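Q: Could you walk me through this structure, starting with how far it can be trusted?
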Amino acid sequence: MRKVFLYFLLSMVSITLLGLSPACGSTGGDVLPKVERVRVATTTSLYDTGLWTSLKPIFEEKYNMHLDVTSQGSGASINLSKTGDVDVLAVHSKADELKFVADGYGVERIPFAYNYFVIVGPASDPSGIAGMNASSAFKQIATVGTTQFVSRGDNSGTHSKEKALWKLAGLNYSDIQAATTWYLNAAAGGMGATLLMASENGAYTLSDKGTFLSYADNLDLEIIVENSSDLLNVYSIIAVNQSKFSWINIAGANNLIEFMTSNETQQLIADYGVDTYGQSLFTPCFGNEPTQ
Amino acid sequence: MVPIIETKDLGQTYERHQVLKDISLKIERGDFLAIIGPTGVGKTTLIRLLDLLEKPSSGQIYFDGIDVTRSGKSRLKARRRMALVQQKPTVFDMSVFSNVACGLKFRHEKKLVVRDKVEHMLELVGMREYRNRNARTLSGGEMQRVAIARALVTEPEVLFLDEPTANLDPTSVAKIEGILARIIGERKSALLMTTHDMAQGQRLAGKIGVLINGEILQIGTPSEIFFSPANMQVAEFVGIENILPGTISGKENELAIISINGVKIQAITGHAEGEAVYIMVRPEDIVFTPSRDVSSARNVFSGEIRSMSSVGPLVRVEVDCGFPLLGVMTMASSQEMGLTIGRVIYASFKATAVHVIKRF
Amino acid sequence: MSELWEAFKTAIHLLVTFDPEVVQIAWRSLWIAATSCAVCVVICIPLGNLIHFSRFRGKGLLISVIQTLYSMPTVAVGLIVFMLFRRSGPIGPLGLLFTPGVMVIGQIVLVTPVMLGLVISALSGIDKSIIETATSLGASRMQAYRICTREAKFAVMTAVIIGFGRAISEVGLSSMVGGNIEGYTRTLTTAIPLETGKGNFPLALALGIVLIFLAFLINIALYMLQHRRTWTRLFVWFQS
C-alpha cells in the first residue's frame, strides 16, 4: 500500500513538472521564471471576428505576459467575472456592465470600440422590413410571422439587445418565445453559429456588424436594416475588482486596458477588416462612450 | 531443537463443512513425511494451511517456534522459507529460466547469484536445454519439473509436494521420484508430500501419516502403518483385508487365544484377557496347502474355496473356514495344486502375522 | 460540393506542411490525454489488483458501480469539475480552472472507471492458481500483483488503450473546464466545434482528420493486440 502511495505521489510530481514545462503548449518559450497570465472573458460576437486573435501576439510581446482569452455569451462571461474566475471582462451588454461596476465587481467600464448591430436576412426580404428602423422591423417580422427569426438565446449581449428591441416594438418576450413556428430560440453557440443557421434556414437574425462581415462569404444573407440609432453596439473592457477577489491579476488587467485604449491599438482596431472585407468592422472610441 | 513445523489441534471448516480437525503434527528438520489418504479428504487443504496459503479456522501453527497462525508479516517471512509444488503445475507465461528465477527475485536476490542458482537447478531437474522456452509450451511432466526447480531454487527449509506425480505418465513419475530421492539424500530440507499412492509413500518417505476423514489417524514408519495399523480405518485403507472381530479368551504371557465365531486363533499381543479386539492378517501372510502341514504356524484351518480371482500374476483366494479368509498365491502355485472353487484346502498363518487392535 | 472539395484540399495542405496551429493543437490533445492515462495506469493497476483479489462485502456492487460509470457523460463530469474548481468552488483557491491541469484532472476522473473496470476484468481472465503460486513462492502482495498483471498483460494493455481513446476523444469535459483558450487549453476536440462555428472549414477538417487518424491508430493497436498471433505469424513470414 505504501508503494501505491509513492507511485501516486511520483505521478503527481511529474504532472506538476510537465505542467510547468514548455510542453504545456504555451505560445511563448518560457521555462523559468514563470511568466504571468492575464485572463479575459469576452463575448463570442467579438471573438468570432478574430480581433482578439490578431491583437493577442502584439499584447504578449509588448507586455511579456500570456493573454488567455476565453469566449462565451456575454451573460456567461459576466458570471465568470462575478466569481473572479477571470481578470478582465470584455463584452457588449451596457446595462449589465453598468450594474457589474455598480455592484462593486468591476473597477470601471471603459468602452474601446463600437459598431452597429444589423438585422440580416435573405436577399429577397420576405417580410419587407427594409428601410424601417430596428424596432419597427421587429414588429413587422412578428406580424408577418412566416419567415423565421433565429435568436442567440444565450443571454449574450446580442441577445439582450434583441430582447430590448422586442420590448421597444411593444411586444411581450414570452409571447415571442411561444411563437415557435417562426421564432427559433436556437442557442446555437455563438454569433457565427447563429448566422450560419439563419443562412441555412433563410431566416432573419440580429447580429453585430463585425461578426456578420467576417462571415459574409459563407452566408446567403444580406444586411437588411442598419444604421438605426437603436442598433448601437458598444464593446467595453472592465477590470475585475481586486478588492473583491484578492487573486486577480490587476497589473495584467490594467496592462490590457492600457493596451486596448492606446493609440496604436485603437488604430489597429479601426483598420481591422478593411483588407479582407473592404470596410472596417469596428470604430474605436478611445475610452469614451459613443454618442451616436 | 525446535521442530521446523508444529501444529496444535489444527482445524479447517468451510461453510459448516469441517474438512480438517485436531491435526497435531511435528515435522523435524530433515524429515520426510508422506501424508496418505483417500482423495478429497483434506490432504490439499492441510498442505495449504501448512504452507500458509490459508488461515485455519482453529488451532495453531508454529514455524521454527514462531506462531504464524494469524500475523501477516510473520507469515510472509515464514513463507519465504518454504516452497510448494502443486498437483497441477502452474507455470507463469514466461521463459523457463524466468519461472525458476521468480522466487529468488521476490527475495531481492542479486542478478548473478540468481543466474548461478537457476542454472544449477535446471541442471538438477534435467531442463537445462529448455531454459529459454516459454514454460506454457511444455508437457505436463516437464512443467512439473520446472515447478520443482522453481521451488527448490529458493533453498526452502520445508518443501511441500501435493500429489506431485498424480497426473503424470510413468516415465515422468520415475524422473521426478529420482529428483526427490536426490533431494532426500542431501538432507537439507524437510519434505512433506501428500499422495494417494501408498507404494510411493512407502518408497520415498521416512514417516507416513494417514489422513482419513479430516483426521490424522496414525503417524509412523511405513512398516508400522502397513503391518501395525492403529485402527480399522487405517487398516482398510492400507489394504489389510482380513479383519475379524473377536474376544481374547485366554492369555499366556504374550501369547493370546482369540475366539472368533467359536474358532480359536493364536496371536502375539499385549492386550489383556477378556478384551474385545479385531484381528488383522495380511493376505500375503496366508499359506495354502492341500493337506494339513506340519509347520511352525500355530494357526491352521481348513475350509472350502469360495472364490478365486486373478490379479496380474497372482490369484486371490477366498476361503470359508467358519470365518472368511483371503489369501494370495501365484498363478503357478494355484495351478500346481489344482485349486478350484469348492475344493477344501488348508490355510495357515503364524501367530506373529496376526495384528491385534482394540475393538470399541 | 466544390466548397467541400476546396476545404478538403486546403486541409490536406495544412496537414502535409505541418501547419503550426494544427500541430500545436494536436500535440496538446495528445499530451493531456497521455498524462491523464499515465496517472490512471498508476492508480488503476494496483487498485484493480487489490479489488479483484480481495474478498469483501459489496465487492460485486462496487464492480457494478464501476462498470456503470463507463459511460458517464463527459459533460456531467465537466459540470462537476467546473463547479469544484471555479474560484467560488471548494477547490477554487488553487486557481486551476481554465488550465490544462484541470483538464488532466477531469480526464483522470473520466478514464479511471473505464480502466479500473477493464483491469479487473482482465485479471479475472487468469487462472486463480497464479496468485497462489506466486504467494507460495514468497511473493509479497505487491509482487504477486505484478506477476498477475504480467500474466494478463495483453488484456491490461487493451484496458489502457481503451482508456486513452476515451480521454483523447472527449469534448464535454475539455470545453467546459478548459475554456478553449487559444495556445493554452485548446485541443482537437474543443477546436473543431469552434472553427466549424466560425465557418473555418479547412482548419476544422484538418483537425478532424488528425482526430480520426488518431482514433484509427488506437483501433489498429487494439486489433493487433487481440490478434497478436496472426500478426506475429505474418511478421515471421514477412521476414523469411
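**Confidence first**

A: Within chain A, helix α1 (residues 2-20) of chain A has the lowest confidence, with a mean pLDDT of 57, whereas strand β3 (residues 88-91) of chain A has the highest, at 94. Please keep in mind throughout that this is a predicted model.

Q: OK, and what does chain A average for pLDDT?
A: The average pLDDT of chain A is 84, and 87% of the residues score at least 70.

Q: Where does pLDDT stay under 50 in chain A?
A: That happens over residues 21-33 of chain A, and for this stretch the model has 21 contacts beyond four places in sequence. Where pLDDT is low, the predicted coordinates should not be read in detail.

Q: How many helices and strands are there in chain A?
A: Chain A has 13 helices and ten strands. Of the 292 residues in chain A, 45% are buried, and among the contacts in chain A with a separation of 6 or more, 74% are between residues 24 or more positions apart.

Q: Can we zoom in on one residue, say A:Leu195, and where is it found?
A: A:Leu195 sits in helix α9 of chain A.

Q: Why does A:Leu195 count as buried?
A: A:Leu195 counts as buried because it has 26 C-beta neighbours inside 10 Å, and the cut-off for a buried residue is 20 or more.

Q: And which residues does A:Leu195 touch, not counting those up to four places away in sequence?
A: With those left out, A:Leu195 touches A:Thr205, A:Ser207, A:Thr211, A:Phe212, A:Tyr215, A:Leu219 and A:Leu221. As for A:Ile110, which is 85 residues apart from A:Leu195 along the chain, the C-alpha atoms of the two are separated by 28 Å.

Q: Switching to chain C, is helix α10 of chain C mostly covered or mostly uncovered?
A: Helix α10 (residues 188-197) of chain C is mostly covered, since eight of its ten residues are buried. These buried residues are C:Leu188, C:Thr189, C:Thr190, C:Ala191, C:Ile192, C:Leu194, C:Glu195 and C:Gly197.

Q: What covers the buried residues of α10(C)?
A: The cover includes α9 (191-201) of chain A, along with α2 (20-53), α8 (153-169), α9 (172-178) and α11 (201-226) of chain C. After α10(C) comes C:Gly199, which has a positive phi, near 80°.

Q: Now the chains together: which pair of chains has the most contacts?
A: Two pairs of chains touch, and the most contacts are between chains A and C. Chain A and chain B do not touch, and their nearest C-alpha atoms are 14 Å apart.

Q: How many residues do chain B and chain C bring to their contact?
A: Chain B gives 16 residues to that contact and chain C gives 14 residues. On the side of chain B that touches chain C, the elements giving two or more residues are α2 (72-79), β7 (82-85) and α3 (96-106) of chain B, and the largest share, three residues, comes from α3(B). The residues of this side of chain B divide into seven nonpolar, three polar and six charged.

Q: You mentioned β7 of chain B, so what order do the strands take in its sheet?
A: β7 belongs to an open sheet of six strands in chain B, with the order β7-β8-β9-β4-β10-β11 and mixed pairing. The edge strands are β7 and β11 (215-220) of chain B, each of which pairs on one side only, and neighbouring strands of this sheet are turned by 15° against each other on average, direction ignored.

Q: How do β8 and β9 of chain B run, parallel or antiparallel?
A: Strand β8 (residues 158-162) and strand β9 (residues 190-195) of chain B run parallel and are joined by five bridges. B:Asp162, for instance, has B:Thr194 as its bridge partner in β9(B).

Note on methods. Residues numbered from 1 in each chain as written. Chains lettered and ligands numbered in written order. Predicted model: local features only at pLDDT ≥ 70, side-chain atom pairs only at ≥ 80, totals over all residues. Contact = placed C-beta atoms within 7 Å. Helix = DSSP H or I, 4+ residues; strand = E, 2+ residues; numbered from the N terminus. Nonpolar A, V, L, I, M, F, W, Y, C, P; charged D, E, K, R; others polar. Buried ≥ 20, exposed ≤ 12 C-beta atoms within 10 Å, placed from the backbone. Pairing = 2+ DSSP bridges. Axes fitted to C-alpha atoms, helices over the stretch in contact; angles between N-to-C directions. pLDDT = per-residue confidence, 0-100.
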